[in-house]
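Subject: Structure handover

Hello,

Here is the structure for you to look at. My notes on it follow below.

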Protein chains: 2
Amino acid sequence: MRRTEPRLLSPHDHPVDPWRLVERRFSSRLLPRTETLFATANGFVGLRGNPEEGRPGHDHGTFVNGFHETWPIHHAEEAYGLARTGQTMVDVPDPKIIKLYVDDEPLYLPHAMLPSYERVLDFRRGVLERSLVWETPSGKRVQVRSQRLTSLRHRHLVAMSYEVTVLGSDAPVVISSQLHNRQDAEPHDTRQEQFDPRTTRVFDDRVLHAQGTREDGERILLGYRTGRSGMTLGCGMDHLVTTDNTYQVHRELGQDLAKVTYTVQARADEPFRIEKFASYHTSSTVPSHELVDRADRVLSRAVAVGFDQLAADQAEDCAAFWERADVEVEGDERTQQAVRWNLFQLLQATERAEGTSIPAKGLTGHGYEGHYFWDVDVYVMPFLAYSAPRVAKNVLRWRRSLLDMARQRAQELDHVGALYPWRTINGEEASAYYMAGTAQYPLNADIAYTLRRYVDVTGDEDILSESGAEILAETARLWLDLGFYGDDGQFHLHAVTGPDEYTAMVDDNTFTNVMARRNLQYAAEVLERLAERDPHRWEVLCHDLDLRAEEIDQWRAAAEAMHVPYDEVRGIHPQDAHFLERKRWDFDRTPDEKYPLLLHYHPLVIYRHQVLKQADVILALCLLSEEFDEDVKRRDFAYYEPLTTGDSSLSPPAQAMVAAEIGEHETALRHFEQALYMDLADVAGNADHGVHVACTGGVWMSLVYGFAGMRDNGVLRFDPRLPQGWEALRFRLRKRDRPLRIEVTHDALTVELLDDGEPFDVEVRGKLVSASPDAPASVPLS
Amino acid sequence: MRRTEPRLLSPHDHPVDPWRLVERRFSSRLLPRTETLFATANGFVGLRGNPEEGRPGHDHGTFVNGFHETWPIHHAEEAYGLARTGQTMVDVPDPKIIKLYVDDEPLYLPHAMLPSYERVLDFRRGVLERSLVWETPSGKRVQVRSQRLTSLRHRHLVAMSYEVTVLGSDAPVVISSQLHNRQDAEPHDTRQEQFDPRTTRVFDDRVLHAQGTREDGERILLGYRTGRSGMTLGCGMDHLVTTDNTYQVHRELGQDLAKVTYTVQARADEPFRIEKFASYHTSSTVPSHELVDRADRVLSRAVAVGFDQLAADQAEDCAAFWERADVEVEGDERTQQAVRWNLFQLLQATERAEGTSIPAKGLTGHGYEGHYFWDVDVYVMPFLAYSAPRVAKNVLRWRRSLLDMARQRAQELDHVGALYPWRTINGEEASAYYMAGTAQYPLNADIAYTLRRYVDVTGDEDILSESGAEILAETARLWLDLGFYGDDGQFHLHAVTGPDEYTAMVDDNTFTNVMARRNLQYAAEVLERLAERDPHRWEVLCHDLDLRAEEIDQWRAAAEAMHVPYDEVRGIHPQDAHFLERKRWDFDRTPDEKYPLLLHYHPLVIYRHQVLKQADVILALCLLSEEFDEDVKRRDFAYYEPLTTGDSSLSPPAQAMVAAEIGEHETALRHFEQALYMDLADVAGNADHGVHVACTGGVWMSLVYGFAGMRDNGVLRFDPRLPQGWEALRFRLRKRDRPLRIEVTHDALTVELLDDGEPFDVEVRGKLVSASPDAPASVPLS
């Protein structure tokens, strides 16, 4: 076990503020991290937090969810059935650039004299704003205020405002607003200096091929098509100027760079303000000129509305988000700030993700190539189910849309049923290392699990006959085919890789087996219910899937016979059938700089030992809490805790939740803080790759499942463990369409019903209580 | 289990002949295979059996052992410690080409009218000869006789003769003798049509960079340097003409093609004969111009001697080979022919391999990229130890020369000691798929094993203090470091891949554990003896290796505590700790065209099942025969036989040996024939990649260990099982420098001593007998 202390940002430069992330001093050194922390996104389009001036920058990422290039995966040694098509989220043209020259000198933050500087990501307004005064080399003082938002209401729209005032004197001012295809214009060499399997790809060939442009006034529109994946893109920018200064406009357009330049004769104290709008449309089927039309229309609407109104709309939408999803931590302001930053990232990563899933880094960085993984299902979906069921449903529907490809992949692996890709954008398996990719079968059960949770939380049973039943049937079939009955009469699943990637290709991974059991059970349950309640849909399904009723019995039988490893001597669940036989990792011999282990040890060395990248059995204890009694949880936790490196950001939330449950308060808080500050304090050392979105979901889970001790199987139950230093924990959620506010203090747990409906029952430490519209339920916690 | 019948060559076109492989009809269709079968080589240089005319050809390979190009291995997904440097044996310029034009029409075998045609690989003479009569389109009859040899006496020399006679009429004849750098001149596309991890690599860049040429008369010399590995090559050709016809000579030289062309005014029945000589020198350190000088000198010597004398020398050297290594099978002529072909391949692959090892395909094809594997140690070294100890010693010394790199590799894998590369040319690990490469730890024990066998057979103890002790100490250290004492007090080796590649990364692979135990024991034994007998050398060693006497105790202790998996219920050795828990492969559901499985199933599917590519436990039973009693051998064999696909050519010999030992006569013969005809009948379907050299060694082992039932631990012991259809099996070998001839009939086993020394004791079925120079020992076999 390694104990990394979070490298917190300096409280002087980054003061505590419950609703804002603040930066009081520009730092080039922190740029790789702050570009991530100050990113803006709406789930569809995302911009890293680069300064408007376009330089300096670690990574100028501008992303559209799902917009990717493909490439053939060349395996150093070929084998049958390896993944063939690499997929990489690529940069769309960068709209953030607004360059400023005063007296022909550029504003360049690292060298500029900045008597005042403040940058703020405002969680309540959903705006990134910056305000600075620049003392130019010629002695002039220039005030620059800018704002940037990625519209939650208008999915395809980015809006900015940029206001320059020369204080106390006149000066010639030039402002150059740009839209820059950096994907093909710049080598991304800073991100490729050393091998790291988690970073992104440099393309040798051009990715975005220009497909015609359009210009009109201060508006420029660009069409592109990717070289291999054949995706199309229409994008553009437009501007609105407000000023009493006189100025000239100049427009310039190259293949990779569009510029609108304002030459201003700025008078003393007379502001010059530009509103800049950018729009993005992408597609796999529509020609780019149509997408350009769409972007054109978006820009027209934006110009008509203006930045201030868009900012007001944005604030309204943010308010609605906090109304349904806020978590308050009373008594610890720094934690409060960090919690809100994490929740805000969840909003930014998911809100307008429609027809796609959520990339591992949201839209804030190139990390993991913009791929979708299972961690959305396990770590992000709980938050969405309780706070944004519409988005949760979109993600489930996206899984359904992949089903045909998953069936095909199952066939390639000699299976029946469906085998979902471990990492993908377009639905094809993109993991070039099958041992920690294709072998991660449990993701199929994670999908079934999250489907069930969504239905349990929302009560939306329609999704089952619409999409869910098919997913459940095909994943259940996969398990039945993958497994087999051993000589012991039990059902075994061999050669799979569980959540922990420091073991691979193991037999009877406990997590996999209990999750697969749940998958089989739920599939049987849902399909039987469907047959009973909607015989027509059942018949259609049987026909479509060539499904026989006996299959359901086989699923139930396999679930019943499922082998779950258990070590009688130690009274714990081995991570897999043979985990306990392995040599224990020598942590004393492992210096700090050798973490993460994956960057410093050959896989064989790691796989050979008892050492965990991330929670595995412990994650099973979280997800299927009700299947394990507290004593075994305590023993499992005691066994795995010292073996877990936390080399994955997915680990601390799970460890925090179980630690909280078994009363390991300090440990729980320590893991919670590792998750909470994963990016803010760059715990994993790779915050520059983008926000660890699943970990932000894990923060929510740690608060709600961990410290508030919430469980939900039909009835909401609470068994809170409020950290000592906190006075209260308050959060909102919707359960079966009923809005609730829960407050946990050291003295009591209170459930407030926020609508006028029927009374609502919850259970607190075994006691059933009822909240009614005018009377919250409050249970004293002795 | 699959039962593939060997696809034997037609006896009509390929008649049975005890000393020759004969081809009576040219067949384009069989060319990929016959190029391999008729290859000529001397262990240093090798030529595939292409027709002189240069076309048609499947693969025109011309090889020098160890001459390779390197390339950076790009892993689709990076990880720490993966192999970095790919190595590929590349073609040296092709000297085989002698093109013939009569009346300006080329001789092109597929279209030519050939009233007579015969090609013969003569095992006794070591010459490939061809004799044909060509009826040209213009009605002329032309007799062509050619011979080709790769000199056993002159390591760097290839010699040919080519004689053309126009029968009964005059004709203009043109003969163009070429030396052709095909490596850079031709795309090798025919070999890359479909994915097959066993085939070779196409280079994008030029491999051989010309470094100056020299010309003189009919001699042309070429110098080259490889682009990346930096190896140098000097080669050249020269000619001698004998004729009464008048002719002109023309010389032509390009970067990749040297030509000497003879324009002959051929008179009726007047032969025109060219002798052609080619020489190759390669190096990693010497500049190419020096190598060109060396080739020049070789050619001068060859021209002075002439082809006929070289052919006489060759016949003498072959006779000496058969004198020491022949195996006679009486009563089955086809088998006799095939046995001699296999033995001849062993001669061709090994005789002048000096300072290198033996590539998996010898010098007969591009298969496995010319890499050296562990199969030399296990399958070829027994033959060499008994028949060519000088060559065996070279191979052991080559292993010693790799020791520093193996130490470095061990460090990369976080080990102490030495970790030998699983596949390599230059000593670096070249396996791009670590699961079936680096993970094959047992090769380290194979090296120790073969060292011991060499010493036991030859009595050459000097090799131990010269090279062996270091190898033994460093490999023993590796095992001690890799393994660990489990809770059961036993010593375990985890996450290794045994010989069978249809399982990977397993715990306590039986083969590995018993071989590692032997390695540890032998290291302890040899080093202790060294300390006692040669204290000075021991001190030097302790200093060089930083060796402490306690280490020896630790090796012994680990050997003693070594865990050997054993299943009490079935009474068999599981292939690894968890092999028996796996699902059994469904052979009934596997059609013939799905073999070899590795080309049709994802590795995960294969690894998940009880299915073997090749003998694993069974190989352990062969190599450490004395450690297992016959009953367990019988049970092990019965268990694994039906699970073994034989997708590797290394499998049948081991299966044959154990089957013979336990009295499964038919099965033994069937496996023996699979090995015997592996290339002759293209059993594996890839004879075009080159000769399966290890399998030819396995043929010898099957005969000597299997059917003659020979065992050797100090004393030679015999327990023969002569196949029913054979009348006698006779073979020669040297044991501790004593030449012996053994004859097995159904009635008796006779040991003849071929020198004049002391009487020699052997044991036959438990009975000790003594052969003396004038009195063979003969033991009746009731």
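To begin with one pairing, the bridge partner of B:Leu128 in E11(B) is B:Arg148. Helices (H or I, at least four residues) and strands (E, at least two) are DSSP runs, numbered from the N terminus, and two strands count as paired if DSSP finds at least two bridges between them.

This is a predicted model, in which local features need pLDDT of at least 70 and side-chain atom pairs count only at pLDDT 80 or more, while totals for chains, interfaces and linings use all residues. Residues are numbered from 1 along each chain as its sequence is written, chains are lettered from A and ligands numbered from 1 in the order in which they are written, and side-chain values use heavy atoms, with hydrogens and water left out.

Hairpins in chain B

The residue pair above belongs to the antiparallel pairing of E10(B) with strand E11 (residues 141-150) of chain B, which runs over 8 bridges. Their hairpin has 5 residues between the strands, and B:Gly139 takes a positive phi near 90° there. E10(B), residues 127-135, also pairs in the antiparallel sense with strand E9 (residues 113-122) of chain B, over 8 bridges. In that pairing B:Val120 has B:Glu129 in E10(B) as its bridge partner. E9(B) and E10(B) form a hairpin with 4 residues between them, and B:Gly126 in the turn has a positive phi of about 70°.

Sheets in chain A

Strands of a sheet pair through backbone hydrogen bonds, either parallel or antiparallel. Chain A has an open sheet of 9 strands with antiparallel pairing, in the order E1-E9-E10-E11-E12-E19-E16-E15-E14. Strand E1 (20-23) and strand E14 (208-216) of chain A stand at its edges with a single partner strand each, so one side of each is left without a neighbour in the sheet. Neighbouring strands of this sheet are turned by 15° against each other on average, direction ignored; axes here are lines fitted to C-alpha atoms, for helices over the stretch in contact, and angles run from 0 to 180 degrees between N-to-C directions.

Within this order, strand E12 (residues 157-167) and strand E19 (residues 272-283) of chain A pair in the antiparallel sense over 8 bridges, and A:Met160 stands opposite A:Lys276 in E19(A). Helix H4 (residues 307-325) of chain A lies across strand E11 (141-150), E12 and E19 of chain A, at about 50° to E11(A).

An open sheet of 5 strands in chain A has the order E20-E27-E28-E29-E32, again with antiparallel pairing. Its edge strands are E20 (327-330) and E32 (777-780) of chain A, each pairing on one side only. Strand E28 (residues 738-745) and strand E29 (residues 748-753) of chain A pair over 5 bridges in the antiparallel sense, with A:Val744 opposite A:Leu749 in E29(A).

Backbone points to check

A cis peptide bond joins A:Arg55 and A:Pro56, with omega about -10°; A:Pro56 is in the loop between strand E3 (45-47) and strand E4 (62-64) of chain A. Another cis peptide bond joins A:Tyr595 and A:Pro596, with omega about -10°. A:Pro596 is in the loop between strand E23 (583-584) and helix H14 (603-607) of chain A. A:Arg736 is not a glycine but has a positive phi of about 50°, and it lies in the loop between strand E27 (728-735) and E28 of chain A.

Helix packing in chain B

The axes of helix H16 (residues 651-661) and helix H17 (residues 665-676) of chain B come within 8 Å and cross at roughly 155°. That makes H16(B) roughly antiparallel to H17(B) (angles under 35 degrees count as roughly parallel, over 145 as roughly antiparallel, 65 to 115 as roughly perpendicular and the rest as oblique).

Helix H9 (residues 462-482) and helix H10 (residues 510-533) of chain B pack at an angle of about 135°, with their axes 9 Å apart. That makes H9(B) oblique to H10(B).

The two chains

A rotation of 180° with 0.0 Å of shift along its axis superposes chain A on chain B, with RMSD 0.0 Å. The two copies are thus related as by a two-fold rotation axis. Superposition is by least squares on the C-alpha atoms of residues with pLDDT of at least 70 in both copies.

Regards

Note on methods. Contact = heavy atoms within 4.5 Å.
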